[in-house]
Each structure stands twice: as structure tokens, then as C-alpha cells.
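Subject: Structure for your review

Dear colleague,

Please find the structure below, together with its sequence. My findings follow it.

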Amino acid sequence: MSGAWHGLFRTVRRVMHAPLGALGLFLVVFVLISAIGADWWSTHEPNQINVRAAFASPSLEHFLGTDQLGRDIFSRVLVGGQIALKVSLISIGVALLIGLTLGLIAGFGPRWIDNILMVLFDSVRSFPTVMFALAVVTLFGPSLETIMIIVIVTQIPIYGRMVRSQTLALKNSEFILTEQAIGAGFFRIIFLHMLPNVIGPLLILASMDIPFVITIEAGLSFLGMGVRPPTPSWGTILNDGYSYIYNSPWPVIAGGIPVVLTTLGFTFLGESLRDVFDPKLRKDA
Amino acid sequence: MLFYFIKRICLGILTITIAVSMLYTMIHLVPGDPVKTILGPRASPEIQAQIREKMGLNDPLPVQIVRFLGNVAQGDLGQDVFKRKSVNTIVFEQLPHTIYLVLCGIGWAILIGIPLGCFAAVFQNSLIDRIVGVLSVSCIAIPTFLVAIYSVLLFAVTLKWLPAIGAGDGSLISYIRHLVLPAFAVGLGWVGYLARLVRASMLEIMGEAHVRTARAFGLKEQTVVFKYILRLAILPTITLIGMGIGILLSSAVFTEIVFARPGIGRLIYEAVTSRNYPVVMGSVLVTTVLFVVSTTLADLINAIVDPRLRTKI
């Protein structure tokens, strides 16, 4: 276990070495802390309506001002962050598991299963994501769960394809063939030899997908097709703010900045993680 | 070569067929009766039966899908029962607006992004290169709908330079004025994508032998950069744009809604919110076809340019 900690520590040090990596790590940690502790940091009940204080500018009472119902935007942004992170972590996690399994089956299993899976993956990917999302929302109605389903279904093919190509590349490598010759079982090969080689790049890919999921959640909620009001979400804060953009610019500014910081943070971090782990993919290589 | 072309096109058609069947099945398997949604809960059973018969909903699902696909193959997307108009008319009225938006967006991104990437590659590891690098990652990371909202806030609400919503009163000048901000929002991310891609592929080509030879002949640096490096480095951008048409269409949806512009994105959005299934099917189908056609085209162009790719499918 101490080896793993040591590895983590070394990775963090190498990420911190690049200015953008350090900035990314800082932003991600900042966003994580503010989301996890949202209940402690928030100064007001996020859904508490106080119409007389509507459209207040930022002040010591309301750090980021108030929206059209006089709700405290600072508290709503914090709780919204919690929801955004919850959606992205759960849905990417599930998509990773399913994609990993299907990718291993496609790469290791019989050829006909591989073909079927590939055509299915391509068909899912052939919808532009937002069109697919809109179609799914039509069917299931807007909710957090629907967003997660959309993310899971659209991400599975990406992870599946990647695992498949890695598996195919490994399948005929000498150490696997040797294992097979010695008589190693299917599961031993999969779990002991395939998985460790596949999981690293997959995790980096997944961490770079978090901004995408956050964008989808905020975007769909902005369209009124995601999180239902009054639950705060960055997207619904933006939606409310955009409807009243001529009354006060603060809701739009306060709802958008967290999205920008989070997507930038995860992107910078993901890029420098990729540089650290996979020198072949480095952009100036 | 011909074999590859045929194979790739068949694959495209197969993908569209499966995608459409999946969508059709999804729409019709979900609880909730489309007829009741169309007619409202208080319609008499006779009228419901009549409409159901008319829409062919009594047949088994595979029959319905085959009939739908057959109609689509003949260019008939169905009938919008709300407006009593053909879905073809509705979709193709809106499509040009989206196409102008996407073309203008990608157009300005090409004009800015490719030179930026070129600069960054020529002055590799300089301050310019670093700044371009950070800028392009940031452009990619910021979601289009936020760019759209913030450009409305800055240029329409605060500075009042440009109109915020609609597509103008019909005159060309006003149409163009209404197109500026949406096209800016659609294109901004692409400035980043293109700059990065051009930089990377230029750096790769700079190391090749023909560039060294050109330099050894004493050609001017400008000639080497523009004629021998950039010309080749631009090729991958064709693929990127072809593959990216899905991203472009997705950002068009958000942009059209933020700016209340007519277009296929807003059409889908409105059809979705009013549960107008025929229009949802028709417009999603058209965008899917656009997407598959452009990715296939990008693949084919690539195969012509780079014969090594033909064996990988």
C-alpha cells in the first residue's frame, strides 16, 4: 500500500512541476472541497425565497448576490457543484465499468461478438450527443437520472473501443501467449494481465471526460431538461439568470464562472496527467 | 480503392439504418401512448382508434420500422400531426439557418485557428507558443452555451453593439448582424481545436526529409513554411472538421436557443418539449444523416490523401 501512496505522491509532484498542471490540480481540489463541504460553507438555505431581496448585487450578506426570487446565489452555486460532481462521478464510473467489460469481451471474445459490439458502438456514436440527449429526454422526462443514463450510454462506446484496441494489441503479445501455453485460465489472464495494462490510460481518458459531463449536465439543465427546479444546479441558475439578464448580470456571472473553473481545472489536470503518464501522447512529441 | 469506397459507404448506410431503428424502437417502447399525447386525454376512443390506424400504430413494431425506413428512403419523413404539415417542409425550412450558422462559425475559426497554430509551431517553445497553447485549451474547455450567454451579456446587454435575439427583419445586413454573435459562440472552441491540431501536425512535418531538403536548397523560410509544411499540415484539419460536425450541430442547438434563432437545433428542442414525435424523428434523422455523411466523406478524403489508412476500417 505504501508503494501506491509513494506513486501517487510522485505523480502529484510531477503534475505540480508544470504550471498548468499545478493550476489544474489547485482548481480541482478547490472545486472538490467546496462541493463536499457545500452544507458547511453555504450561508443561506439554497431554496429560501425572499422576494424583497431579489436581484441584489454581491454584498457581505449575499456573496454572489441574489436571483429573481431573492435566493442566495452563493449557496445555490455550492449545492449545484455538489450535484454536478455527483452526476459526473457516478455516470463516468458506471460507464467505465460497462465499457471495460464490453471492451474486454469484444477484444478477447469470439469475432462475431466483436463485430456486433462495434456496429452497436458506432450506431450510438452516430447521433450527435445533444440530439441523442434531447431524444432521450423526450422519452424519459427530465431528471438527474436521465442525464446519467445519457452520459453512460454515450460514454460506453468510447471506453469500450479503447479497451478493445488495447486488448487486441495485448492479445497476441508474447507474455500473454506464454501464459496461455502454460495453461492459465481466462480469468487469470483478464484480471492479472489485461486489466493492469488497460486501466491506466482508461482512467486518464475518464478524468478528461469530467468537463464534458459537467457541460452536458449544466447544458441540459440550462435548457430545462435536466435537474428540476427548485433544486439548484449550475445550469438552472444560468437559465434563471439568462431570463432576467436585463435585470441583473450577477446570476449569469455567478452561475457560469464555476462551470468555467471546473472544466478548465479538470482539463488542465487531465492534460498534465497524460503528459506525465504517457510521453507518447505528449502534444509536442 | 473502389472496394474501400463501397465498404465505407455501406457501413455508413448500415449505421444510419440501425441508429434510426434504435430511435424508433425507443420512442415506441416507452410507456405513454403517442396518440393520447397528440390528441389530449379527453379524445373519444373512436378518434383515437382512427388516428392510431392512420399512423399505422396497430402493426407490429418491426413492420412499422421497415415502413418508416422505406418512406425515409423515398425522401418522406412523415407528417406533423399538430401543424398538418409535412415534416420535410418543416425541417428543410429550418435547415439553411443552421447551415449558415455552422459554416460561419467554422469559417472564422479556420481564419484565426490555422494561422495561430502555424505561428505557434514556427516559434516552438517561445512565449507566443505557450500563450497559444493555454488559449486553445481554454477555448476548447469552455462550453459553447456559456460563450453564447457571456457574449450576449457583454456585446448585447452591456455594450449594446449587436442584437441579442432573433435572425433579423429579413434584410441581409440585419441577418448578418444577427449572425455575428452566434457564429462567434459556435466557432470559439474550434479556434482552439484547429490551432492545436495545426501546431502538432506542422511540428511533425517539420522533421521530415523533404523539408530538410527544401531548406538545404536554400529556399526562403517563408516558402518552406507555407509551401512545404503548412500545405501538408492542413490535411488533418479536414478530418477533424468532418468528424466534428456532430459537435458543431450540438453547439448549434444551444446557440440557437440562447439567441432564439430559427434553425434545426431549436426545431428539435421545441419538438422535444411539445412531444411532437414525428418532428423529433425527422429532424434527428436529418442531423444524423448529416453527421454520418460528413464523417464518411472525411474518411474517404483521407483515404485518397493517405493510402495507408485504406486497410484500417
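For what follows, two residues count as being in contact if their C-beta atoms, placed from the backbone, lie within 7 Å. Please note that this is a predicted model.

On that basis, 37 residues of chain A are in contact with 41 residues of chain B. On the side of chain A that touches chain B, at least two residues each are supplied by helix H5 (111-125), helix H6 (129-140), helix H9 (186-222), helix H10 (234-243) and helix H11 (250-277) of chain A. The largest share of that side, nine residues, comes from H11(A). By class, the residues of chain A that touch chain B comprise 24 nonpolar, nine polar and four charged.

Helix H5 (residues 87-122) of chain B packs against helix H8 (residues 172-206) of chain B at an angle of about 35°, and their axes are 6 Å apart. The crossing of H5(B) and H8(B) is right-handed. Their contact contains 26 nonpolar, four polar and two charged residues.

B:Leu162 is located in the loop between helix H7 (144-158) and H8 of chain B. Because 16 other C-beta atoms lie within 10 Å, B:Leu162 is partly exposed. Leaving aside residues up to four places away in sequence, B:Leu162 touches B:Phe155, B:Ala156, B:Arg177, B:Val180 and B:Leu181. B:Ile149 is 13 residues from B:Leu162 along the chain, and the C-alpha atoms of the two are separated by 13 Å.

With kind regards

Notes. Residues are numbered from 1 along each chain as its sequence is written. Chains are lettered from A and ligands numbered from 1 in the order in which they are written. This is a predicted model: local features need pLDDT of at least 70, side-chain atom pairs count only at pLDDT 80 or more; totals for chains, interfaces and linings use all residues. Helices (H or I, at least four residues) and strands (E, at least two) are DSSP runs, numbered from the N terminus. Ala, Val, Leu, Ile, Met, Phe, Trp, Tyr, Cys and Pro count as nonpolar, Asp, Glu, Lys and Arg as charged, and the others, Gly among them, as polar. Axes are lines fitted to C-alpha atoms, for helices over the stretch in contact, and angles run from 0 to 180 degrees between N-to-C directions. A crossing is left-handed if the near helix is turned anticlockwise from the far one by less than a right angle, and right-handed if clockwise. A residue is buried if 20 or more other C-beta atoms lie within 10 Å of its own, exposed if 12 or fewer, and partly exposed in between; C-beta atoms are placed from the backbone.
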